[in-house]
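I'm opening my notebook on this one and jotting down what I look up as I go. Here is the structure I'm working from.

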Amino acid sequence: MPVEQEEAQVPADAESSEHEELPVLTVRDTVIFPGAMLPITVGRPASVALVQAMGENRALAVVSQRDPRVDAPMPSDLYEVGTACILHKVLRVPRENLLLFCEGVSRIRTRDYTSTDPFLRARIDRIADIEPEITSEIEALRQNVVSIFAQIVAAAPNLSDELATTAAEIKEAGRLADFVAGNLPSMSPPERQQLLENPDGYQRLTEVHRQLTRERELLELRGRIQSQVQGQLSQSQREFYLREQLKAIQKELGEGDESQRDIQDLRQKLEAAGMPEQVKTEAMRELDRLSHIPAASPEYGMARTYLEWMAALPWSKSTAERVDVKRAAEILDEDHYDLEKVKDRILDYLAVLQLRPVLKGPILCFVGPPGVGKTSLGKSIARALGRKFARISLGGMHDEAEIRGHRRTYIGALPGQIIQSLRRAGSNDPVFMLDEVDKLGRDFHGDPASALLEVLDPEQNSTFRDNYLDVQFDLSKVLFITTANVLDPVPDALRDRMEIIPLEGYTEQEKVIIAFRYLIPRQIKENGLESDTDIVFGDEAVRFMIRRYTREAGVRSLEREIGTICRKQARRIAEGVREMMDVTPELVEKDLGAPRFRTDVEVAERTERPGVAVGLAWTPVGGDVLFIEAGRMPGGNKGLIMTGQLGPVMQESVQAALTWVRGNAVRFNIDPDLFKTIDIHIHVPAGAIPKDGPSAGITMATALLSMLTERRVRRNLAMTGEITLTGQVLPVGGIKEKVLAAKRGGVTEVILPFENEVNVREDLKSEHISEMQLHYVKSMDEVAELAFEKK
């Protein structure tokens, strides 16, 4: 059995009682066994000094380091057990090193070190080997070790055959173990050191037998792997010879090579593709190169795929019909309700295109909340022009190669999404929609937004170069349309290449018309119902859904709720109850559950007590109603507390509003000393939603005045506008979205900055502000006069 290092104890009678003193030569990753002659190269100053100091007595102790990385080992860095050796010869070698020929004599144990400078000296005890009596078991073990060692020597080209002969002549178990361990390459220095520390010959031979068995198994495994590889190579050579014979047979029979037929087919496709001359030259050069590549080569498949892409692209295929502006207007009106400004801009572009077909027009960018019809507008434009429609979504795209393609040096490389979509469309002039341009990503793969600069620039996209194709492709005939919810994330350089067309939200009346014209017929058809016999929607039911179950600028959620009601009816019919269903508000509440929104009631209830004012906010999904709450408490230490995840701009609005209120406290009968004894708290629900922007300034000041004067803000009144320290009301943006949000929330009066009156005239129709009263103000004094209830 192998013996662990801690258990390799030497009996007291096996050690000499006299302590010799020998110089100690420290070595790295080297173990000398008794009876072995080993060359050792030394170059450290201490080792060279040891050799130079030796006189007639050529005895020394060789001890291995525990950590070979230590350059100047001390006694604590060395193993306790080493080998007493005789230095037979010293040779000088390059780099001022010495080559020592040492013969191991016996095992030793270092007792204590008597000197460390200029080299180590130690008192040592010699350890006597324990040789077992030769029994049949030990003899069998010895023969097995000799046999396995001979097999390893025969298989290892770096081991001399004389080693096996020498091993066979050794009869002692311990000596044989030391000899084999010293010549077995697979044994590590720690494993050799463990054998050196064990004086028991039987245990050492057993451990060596285990190491030899492991080495033989590794050799057999390497042999099997080598045989398999050679077998595979032989199979490949056989297949090569058979292919060559098949080619010769086909040549004798007059049949063409399959690869040559493929090349001929590709040549015909490339000729018929209508490529520009420069592109055709490059394709033919690649085709000639393909004809010299063996069909079994991996490069053959890559080159063939490239040529198939080149042949399949619509280099000269166009589908555009003659532009008819009147027909285009009819199609746009048929597919979309309202959106008059958007339709006018599209028809202006089509009119110019009708007069000048080669127009390099601007890139249109539809910006608006979800569900207002940006993508469907692109489809309508394609239908009006008689062109194919292609669309890719840019949301989350973070790799530049998605736009420009991968280079052909990569395995599995493909063209970018632009070229792939053109191949699917089958024409070089489709209406190409790039959805969600504001949601492009950016990381170490590159910046897709920068790659789009070339695509969306009319002056550059005629020479667009995809990394995979590596030739120019003309994109100037493509009508690109992009969509976005907000413009802030879009880089300035990319925004500069596009003409922005905003699409605001719809009013309640517009949503009702859209529901009856488009949404309800589509959902009835998609759910397998008949509009005349299965289900009828009432006007009040649709309005009830808009007011109580949706809060959006578009109509996507409204269509989802209509679809839910249609599915409920489809289920009743499937269960055998086929009756005409007249959709009423009561049925809507039964099928959709309790109403989710009650903003009209909420505005009135929230302003019942002083300190609450209603503001209007712009969001990426349309306008929204914002409640500003102000409270006070005794104290005076904390001053102003702001909660509700307010952004830095909104926090500055609060500070400006408070400064104006404190500066005008006497005019509103507020004790100026009151601010020294109270803390003021401004809160904007909901607290989990981040908020920012300057348009709540007058709302903040109104809420503070209401709280300090204990006067309630008028019911169903909302406001928006930025405040200055002098009380001036400055204009803000998003007026249409804010007014529409106020109307959805049941607000009947809105206070707006005076300079925003022009936005109301241009952006809002009369039906948008029907039943609403708008007040235009220039100063905070006018706001206070309008906002509070009369005493």
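This is a predicted model: local features need pLDDT of at least 70, side-chain atom pairs count only at pLDDT 80 or more; totals for chains, interfaces and linings use all residues.

**Entry 1: a covered helix**

I started with helix α24 and found that Ile735, Lys736, Glu737, Lys738, Val739, Leu740, Ala741 and Ala742 are buried. After α24 I ran into glycine 746, which has a positive phi, near 85°.

**Entry 2: the whole chain**

Next I stepped back to look at the whole protein chain. I got 26 helices and 24 strands for its secondary structure. How does its radius of gyration sit beside that of a compact globule of 791 residues? The globule would be near 28 Å, but the protein chain has 46 Å. I also looked up the box that the C-alpha atoms fill, and along the principal axes it is roughly 120 × 100 × 65 Å.

Then I checked burial and found that 46% of the 791 residues count as buried. The accessible surface comes to about 39900 Å², and carbon and sulfur atoms own 49% of that. For contacts between residues at least 6 apart in sequence, I noted that 73% join residues at least 24 apart.

**Entry 3: charges and salt bridges**

How many positive and negative side chains are there? I have 100 positive and 123 negative ones in the protein chain, and the centres of the two sets lie 5 Å apart. My background note says that side chains of opposite charge can pair when their charged atoms come close. A search of the whole structure turned up 45 salt bridges, and I picked a few to look at.

I looked up the exposure of both partners. Arginine 497 is partly exposed at 23% relative accessibility, and aspartate 457 is buried at 11%.

My next pick was arginine 578 with aspartate 534, a salt bridge at 3.3 Å, N to O. Why does this pair tie together parts that are apart in sequence? Arginine 578 sits in the loop between α19 (556-574) and β15 (581-583) and aspartate 534 in the loop between α17 (508-526) and β14 (535-537), so the parts being tied are 44 residues apart. Aspartate 534 is buried, with a relative accessible area of 0%.

I also wrote down lysine 676 and aspartate 673, whose side chains meet in a salt bridge at 3.7 Å, N to O. Lysine 676 is exposed at 62% relative accessible area, whereas aspartate 673 is partly exposed at 43%.

Which residues does a cis peptide bond join? I found aspartate 117 and proline 118, with omega about 5°. Proline 118 is in the loop between β5 (97-115) and β6 (120-127).

Then I looked at positive phi values. Glutamine 645 is not a glycine, yet its phi is positive, about 55°. I located glutamine 645 in the loop between β18 (640-643) and α22, and it is partly exposed, with a relative accessible area of 43%. Asparagine 716 is not a glycine either, and its phi is about 60°. Its place is the loop between α23 (697-709) and β20 (717-719).

I finished with asparagine 669, which is in the loop between α22 (648-663) and β19 (678-683). Asparagine 669 counts as exposed, at 70% relative accessibility. How far is asparagine 669 from threonine 709 in sequence and in space? The two are 40 residues apart in sequence and 7.6 Å apart in space, C-alpha to C-alpha.

How values were computed. Residues are numbered from 1 along each chain as its sequence is written. Side-chain values use heavy atoms; hydrogens and water are left out. Helices (H or I, at least four residues) and strands (E, at least two) are DSSP runs, numbered from the N terminus. The radius of gyration is taken over C-alpha atoms; the globule rule is 2.2 Å times the number of residues to the power 0.38. Buried means under 20% relative accessible area, exposed over 50%, partly exposed in between (1.4 Å probe, protein chains only). Contact means heavy atoms within 4.5 Å. Accessible areas come from the Shrake-Rupley method with a 1.4 Å probe; for residues, only the protein chains shown count as cover. Lys and Arg count as positive and Asp and Glu as negative; His and the chain ends are not counted. The place of a charge is taken as NZ of Lys, CZ of Arg, CG of Asp or CD of Glu. A salt bridge is a side-chain nitrogen of Lys or Arg within 4 Å of a carboxyl oxygen of Asp or Glu.
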